[in-house]
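Please work through the following exercises with the sequence and the model at hand. Each task is followed by a stepwise solution.

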Amino acid sequence: MGRKKAKKTVKKQGSSSSETPKKVTRPGLPLAPAVFCTGAGIMIVEMAASRLIAPYYGTSILVWTVLIGTLLIFLSTGYWLGGKLADRRPEHGLLFRLILLSGVAVCLLPIVARPLLGISVSAVNVLTGEFSAVKLVFPLLGTVLLLAFPIVALGCVSPFAVRLATDDLDQLGNTAGRLYAVSNLGSILGTFLPVLALIPWLGTRNTFFFAGGLLIAVGALGLRRKAALPALVVLPLISAWGGQSIRPVEGLVEETESLYHYVQVSKYFGCEKVGGEGVKLYLNEGHSMHSSYCPEVTWLNQYWDWLSIAPYLSGDGKNVEDLLIVGMAAGTVAQQYREIYPEIRIDGVELDGDVVEMGRKYFELDRFVAPEHQYVMDGRSFLYRTPKRYDVIVLDAFRQPYIPFHLVTVEFFDLVRHHLKPGGVVVMNVNKVRPNQHDLSRLVLATMGQVFEHTISWSSDSFNDILAAGDVPLDAEAARERMRVSGHPQIRRLERRMNPPTDSKLAQVMGFNRFKAGGDPLTDDRAPVELAWDAMFLGLTEKH
C-alpha cells in the first residue's frame with residue numbers, strides 16, 4: 001500500500017506540473033544534434049589544449065595527467081550543475097545560451113592563453129638549471145583554469161538535455177541512455193577529427209576557432225536567432241589577428257604542428273662566429289636544440305660531437321661500415337659521422353615525418369642520409385622489422401626533456417644487442433639538470449648492464465651524460481689512447497677536452513666513469529623515467 005501510495009503521489013505531482021506548464025520556447029535545433037556537437041566540442045578542445053600547452057611544457061605523462069584530471073573535474077562539476085539547473089529552469093533557451101557562450105569562451109582561449117603561457121619561457125635557466133616555481137606552475141594552472149567555464153558549461157548539456165527530453169518517467173532510462181550515447185559518439189568524432197585533420201591542416205589555434213564556431217552555431221540555431229550566425233564571420237578575422245607564432249623565438253624561419261610535435265626552425269646565430277648562417281631545430285617546449293646545421297662547419301661544441309667517439313671505445317675507429325641513428329631528427333649526428341667516415345652506410349629512423357621534411361628543407365639532410373635510408377617510424381618498431389646489423393647504434397630519441405620509456409628498457413636493449421655486429425657499440429645521450437646529478441643516467445646505465453657485458457659513461461658537458469655499452473671490453477684508458485692517435489683532428493680534440501684545466505667548471509665533470517650505475521633496471525613493465533627526471537628538476541634528489 002505504501003508503495004502504491006507513493007506512486008500515486010509522483011503521478012499527482014506530474015499532473016500538477018502538466019496543469020501549470022512553464023512557458024518554454026521550442027528550440028530551433030533538436031536536442032540530439034546539439035548533444036552530439038557538444039560532445040565533439042569537448043574532445044576537440046581537450047586535444048587542442050594539449051597542443052596549446054606542448055610548446056611550453058612538453059607532452060609528458062605528467063602534463064597529460066594535469067590536463068585530463070582537471071578537465072574531468074570541470075566535466076563532473078558541469079554534470080552536477082546541469083542537473084540542478086535543469087530542474088530549476090527546464091528551458092531550451094537557457095541550454096542553448098550556455099552552448100553559445102561556451103563557444104565564445106573557446107574562441108578566446110588561445111588568444112588569452114598565449115601571453116599567459118609566455119611567462120613560463122623565462123621560468124627555466126638552461127645554463128644553470130635554476131627555475132622559478134611560480135613562473136613555471138602559474139601559467140600552466142592559469143591556462144587550465146581558462147578551460148573551466150567552457151568545459152563546465154558543456155558538461156551541463158547532457159543532463160540538461162535529458163531533463164528537457166523526458167516527457168514520460170517510464171522512459172527516463174531510455175531517454176538518458178540515448179542522449180548519452182549520442183554525446184559519446186560526438187566525443188569519438190571529436191577525438192579523431194583534431195588529430196587526423198584539424199590540427200595538421202588548420203593548426204592548434206584554428207582548431208579552437210573551429211570548435212568554438214561549431215558551438216556558437218549550435219547555440220544560435222537552438223535559440224532561433226539567425227542574427228547570431230553572422231558572428232561566425234568574425235572567426236577568420238580573429239584567426240588572422242592571432243596568427244603569430246604560438247611560441248615566439250628569435251629568428252624564426254618556419255614552424256609547424258605535426259602529429260607528434262610542435263616544430264620550430266630558427267636561425268642559429270652561433271654560426272655567425274664562424275662566418276656562416278645556420279639553423280637549429282626545436283621541438284615542443286624548446287629548451288634544448290634537437291638538431292643544428294652550420295654549412296661547412298660540422299663541429300659546434302654540442303653533445304652530438306661526443307656521440308662520434310663510439311667506434312673508438314671498442315676499436316681503432318677504422319672499420320666502421322654501418323650506422324643506425326634512432327632519433328635522427330634533422331641529421332646532425334649523421335653529418336658528423338659522414339665527415340669522419342665518408343663511405344659509411346647510415347640508416348636514420350625518425351618518428352616524425354614533418355621533422356624529416358624540415359631536415360631536408362633546411363638542414364641538407366639528404367646529403368648525409370640517403371632518402372631511401374630515412375625511415376619515418378618508431379625506433380623500436382624499426383628494429384623489430386629490420387634484419388640489418390650495425391657497427392654503431394646511436395640513440396638520441398628524446399622528446400625533450402624525456403626519453404621515451406620504451407627505448408631504455410631491458411627488453412629494448414636486448415633487441416639492440418641482437419642488431420649489433422661483433423664488437424659493435426650502442427651509445428646514447430641522457431640529459432641532466434645540474435652537473436654531477438646523474439640519477440636518470442644511473443638508472444639507464446644499470447639497465448644497459450643487465451644486457452651488455454660492458455658499459456662506460458662520461459659527461460659531454462654540465463647537462464649531458466653519454467652512455468655506451470657493448471659485449472667487448474670498453475676500456476677508458478685504451479679508448480683515450482686510440483682517440484689520441486686518431487687520424488681525424490676532431491677526435492683528437494675531444495680527447496684533449498677530457499682534461500680541462502683544474503680551475504675550469506668542467507674539471508669535475510669531464511672524464512670517463514665519473515658515476516656508477518644505480519637503481520632498479522628499467523623494464524617494459526616499470527620504467528619511471530619521467531619521475532626520475534622530474535625529481536632531478538625539482539631538486540628532490542642528491543648529487544652523485
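**Exercise 1.** Determine in which sense strand 1 and strand 2 pair, and over how many bridges.

*Solution.* Strands are DSSP runs (E, at least two residues), numbered from the N terminus. Two strands pair if DSSP finds at least two bridges between them. Strand 1 (residues 252-257) pairs with strand 2 in the antiparallel sense, over five bridges. In this pairing Glu254 lies opposite Val265 of strand 2. Four residues separate the two strands, which form a hairpin.

The model is predicted: local features need pLDDT of at least 70, side-chain atom pairs count only at pLDDT 80 or more, and totals for chains, interfaces and linings use all residues. Residues are numbered from 1 along each chain as its sequence is written, and side-chain values use heavy atoms, with hydrogens and water left out.

**Exercise 2.** Classify the ring pair of Trp458 and Phe512.

*Solution.* Rings of Phe, Tyr and Trp (its six-membered ring) pair if their centres lie within 6.5 Å; planes under 30 degrees apart are stacked, over 60 edge-to-face, and the rest tilted. The whole structure contains six aromatic pairs by this search. For Trp458 and Phe512, the ring centres are 5.3 Å apart and the planes stand at 75°, so the pair is edge-to-face. Both Trp458 and Phe512 are buried.

Terms used:
Buried < 20%, exposed > 50% of the residue type's maximum accessible area, 1.4 Å probe, protein only.
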